[in-house]
Amino acid sequence: MELLHQIEAKWQKAWEKAKIFEADPDPKRKKCFVTFPYSYANGPVHVGHAFTAARVDAYARFKRMQGYNVLFPWAWHWTGTTISGASERIQQGDEEFIRPLREIDGVSEKDLKKFIDPVYLASYYTKENRTTIRQAGFSIDWRREFQTTSPQFSKFIEWQYKKLHKKGYVVQGTHPVVWCPHCESPTGDHDRQEGEGVAPEQYTLIKFKYNDAFLPAATFRPETLYGVTNIWINPQADYVEAEVDREKWIISETAATKLKEQKRKISLIRRFKGKELIGKTVANPVVNQKLPILPASFVNTESATGVVYSVPAHAPVDWLALRDLQQKPESLKKFGIEPSTVNDIRPISMIRVQGFGEHPAIEIIDQLGAKDQCDPKAEKATKLLYKKEFHSGVLKENCGSYAGKLVRDVKEILIKDFTKKNVADAMYDLPEPVICRCLTPCIVKILEEQWFLKYSDQEWKNQTKEALEHAIVCPETAAAWFISTIDWLRDWPCARKSGLGTPLPWKKEWIIETLSDSTIYMAFYTINKYIKQHDIGADQLAPSVFDYIFYGKGSVDGLAKKSKIPTRILKAMRDEFLYWYPVDMRNSAKELIPNHLTFFLFQHIALFPPEHWPRMIGANGMLMIEGRKMSKSKGNFATFRSAIEQYGADSARIALLLGAEGMDDPDWRSENVRDVKNHLEAFYRVAETIIAEAQDEGRGQLEDWLFSILQQKIKIITENMDVLKTRTAVETAFYEIWNDFRWYMRRKGNATAKTLREALKLWVRLLSPFSPHICEEVWNKLEGKDFISVEKWPRFSESEIKPVAEESERLIESALDDTLSIIRATKMTPKKICYYAAASWKWQVYRRALELSVDKASITQRDLMQDLMTDEVLKKRAKAIANYAAQIVDEINRMGEIRKQRLISVGELNENAVLGEAVDFLKRELNAAIQVFREDGQNVYDPKKRAHLAKPFRPAIYLE
């Protein structure tokens, strides 16, 4: 372990001294600008961050070795309530929050006391995390580093929002927002402790008449009003009678509080427990029918109004709750309800849906086997049935004028009609709990005079879709998620009144929220090195400076005089931006597709011309630890620094990259990382042996095989890296090539040939993007000069592919494997082993079968025989050929086209010679005498008549 750390420290220092990752414009080279979303400075960089960042760095190193001028910058996110909320919890003495800071982050008591200052907290973690990222060996250009509350960056954000405001993309309006009552601010996704991605949803309130009041029941399915059988109320919960906009409503006390924030005039009349309502009746507003109010503990009074109506024919939970009451009549007695009241309730079928009978809810409950209303299968049943009924359900004859209409078509019409008739109303609520960073539960507030990004603008949506169409999305399946997000995205509250950040330029009491100031900062990377090198102050960065840099507007000489920034520096900043933009690859976790990554697209489209729109976007899964969701509060957490200290940077990087690709979720398991570390140390030892002991030796079939197979690996790794399939690339570069080397050394009897040294030069370059420190050390021992980090990436060479050599080695390996299988099955210890190569006529038949299957896609035995019997020589073996053809037709039809073409090009392999050359190897492996014969040869030793079983690429075997 100490060796790995020494090697890593050595090369990190060497890279920094040589400044090989500092990228400046070079007109002679193609550029590649890659970025990683900066992490919040409210805690240590964890292995989840590291997974995403390792993918970006591997791609950056790969492109750099391909000859690209690569820029990979880094910054720190200080804005929002993420950091200020953490400081507040520490100030409050929240031990649940503080304990992990001590135990996991290793924060001293002295620093903890200073953490009540959010700027100190952010500075502390920025310093710690910068050290971690350097220890990881990421190929960062640190000259461009910044944090998002710096005065210079704030000037950039001010310019951005002035532009968006002028273009009409930032507007003031009245909208429902997720609101923190404590912070008195909208709470964006990244300002939340829980509930990221949850947005306000509008419930329809169906008003059931109760004496001189209404019980408004909240629903997403107002069409089901025609199937209501009863009302559910939680008997133990607190309800109120209140005047709501001149109507008397009975709702939960929580609902009354929520409605006040939604521009409703609320006047409380009295408070009471829900049990007061149980046993009473209400009137269905569209059907002349009295409905009983029944007890239900599942009614959550924190959700919507706390009043729920029951549709047991179409709502699985309602049916289960009704059945539970019918099976436990004693629970009704304390409310004075006769069991017959419940037993007489019959489900009312009012939606016809394909695949179900009269009562779909009852049927799906029976299918899934849900036991009661608390069974998780009940929720699954609800989701399945709702989706089915919404998309294909048709309203029945008992639905009045809406009969015969599809649910999906009639829903909005029905809401409009019900509202007009005063049967329905509406309110907003959150479908899932949202907790602010300050730990306050959030609500929905109708906010007036709030500032929004107008993501609802259809023209803006269309342009963003156009940009997405022209970009590469990795994996391709993520594109549909982007499209869906663009379609449903509504106006986004872009400012709040608490936390750190840049004030709105025209309304200083509002601070631009954390997801809204992190959309085009990649442009700031391109110029920040000049701001830092020349000590350019925030007061010098007027909007006109950014207009010149990013749009080329204005007189540079006049601007230089006004801003006191030298003309040459302004021109250099302009040239730098034009050289590096657009972003060539941005990669992030998939959870950012519904917000940050899509905002990144929208705002680039709003502020830059098409030639500066993003070229490639990658998304990856969310990392788990030991099979469970990562949670710092629950102790299921791993910092990237601890992983580096325990396993080494290269081991941690490879283990992360092996975790997953596409949008699959990787799983960080300590056992896997230890295994990678052991393999990496073994690789280093093998490399040292090859370097030290390599001897001159001629090049034969085995050497042709090794270099041919390495060419195949070059192609696989390159193609996968081009589309961010990092796991496949690492598996190939780390494990598969290792297996190839081991086979070569095994075939050679562990002797190290000079050939292996040349092959190692290829291998170490292919592994370098994933394990840069060890590869740098091995390269230095091989070449003694230059850095592998800037060496040329191996290029695939078709001329190096040797199909005959590859198939020859495949034949030897399969013959060995088949022999070992026979030995295991028979438990025999053979003294002599005979191999029988297939006769020439079998090769002729086999090749013709391959050719026919390419022409026809698939063949039958009859097809093959008709073709073969045109050959007079083969016709003499008709019976034998018929038997053989029957054996190979299915095998060939299952074979892939590439494999078929490969075998056709190889032709008849001289198996007798191939196996003959490998006799010494097979003898060594099997500890037995080896003999090789042709099936149709002379003096064939075949006492058990095995030779006739030989097939092309599958010699027959006899053990004695």
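Which residues is Trp668 in contact with, leaving aside its neighbours within four places in sequence?

**View 1. Surroundings of Trp668 in the predicted model.** Leaving aside neighbours within four places in sequence, Trp668 is in contact (heavy atoms within 4.5 Å) with Val47, Leu623, Met624, Ile625, Glu626, Ala638, Ala643, Tyr647, Ala652, Ala655, Leu656 and Val673. The model is predicted, with local features needing pLDDT of at least 70 and side-chain atom pairs counted only at pLDDT 80 or more, while totals for chains, interfaces and linings use all residues. Residues are numbered from 1 along each chain as its sequence is written, and side-chain values use heavy atoms, with hydrogens and water left out.

**View 2. The largest nonpolar core.** A nonpolar core is a set of buried Ala, Val, Leu, Ile, Met, Phe, Trp, Tyr and Cys residues joined through side-chain atoms within 4.5 Å; buried denotes under 20% relative accessible area, exposed over 50%, and partly exposed in between (1.4 Å probe, protein chains only). The largest such core holds 167 residues, of which Trp74, Phe138, Trp668, Leu760, Phe770 and Val778 touch the most other members. Helix H2 (residues 47-65) gives the most to this core, namely eleven residues. Another core, of 81 residues, lies apart from it and includes Phe146, Trp492, Leu559 and Met663. Helices (H or I, at least four residues) and strands (E, at least two) are DSSP runs, numbered from the N terminus.

**View 3. The salt bridge between Glu22 and Arg143.** A salt bridge places a side-chain nitrogen of Lys or Arg within 4 Å of a carboxyl oxygen of Asp or Glu, and the whole structure has 70 of them. The side chains of Glu22 and Arg143 are paired at 3.6 Å, N to O. Glu22 lies in the loop between helix H1 (2-18) and strand S1 (31-35), and Arg143 in the loop between helix H6 (118-136) and helix H7 (151-166), so the pair ties together parts 121 residues apart in sequence. Glu22 is partly exposed at 30% relative accessible area, whereas Arg143 is buried at 16%. Both belong to a network of salt bridges that also links Asp24, Asp141, Arg144, Lys529 and Glu576.

**View 4. The salt bridge between Arg615 and Asp584.** The closest N and O atoms of this pair are 2.9 Å apart. Arg615 is in the loop between helix H21 (593-607) and strand S26 (616-620), and Asp584 in the loop between helix H20 (567-580) and strand S25 (585-589), 31 residues apart. Arg615 is partly exposed, with 43% relative accessibility; Asp584 is buried, with 10%.

View 5. The side chains of Glu777 and Lys781 meet at 4.0 Å, N to O. These residues are four apart in helix H28 (residues 772-783) and are therefore separated by about one helical turn. Glu777 is buried at 8% relative accessibility, and Lys781 is partly exposed at 36%.

**View 6. Asp650, a buried residue without a salt bridge.** Asp650 is located in helix H23 (residues 649-657). The nearest side chain of opposite charge (Lys and Arg count as positive, Asp and Glu as negative; His and the chain ends are not counted) is that of Arg653, 4.6 Å away. Leaving aside neighbours within four places in sequence, Asp650 is in contact with Glu8, Leu680, Phe770, Ser771, Pro772, His773 and Ile774.
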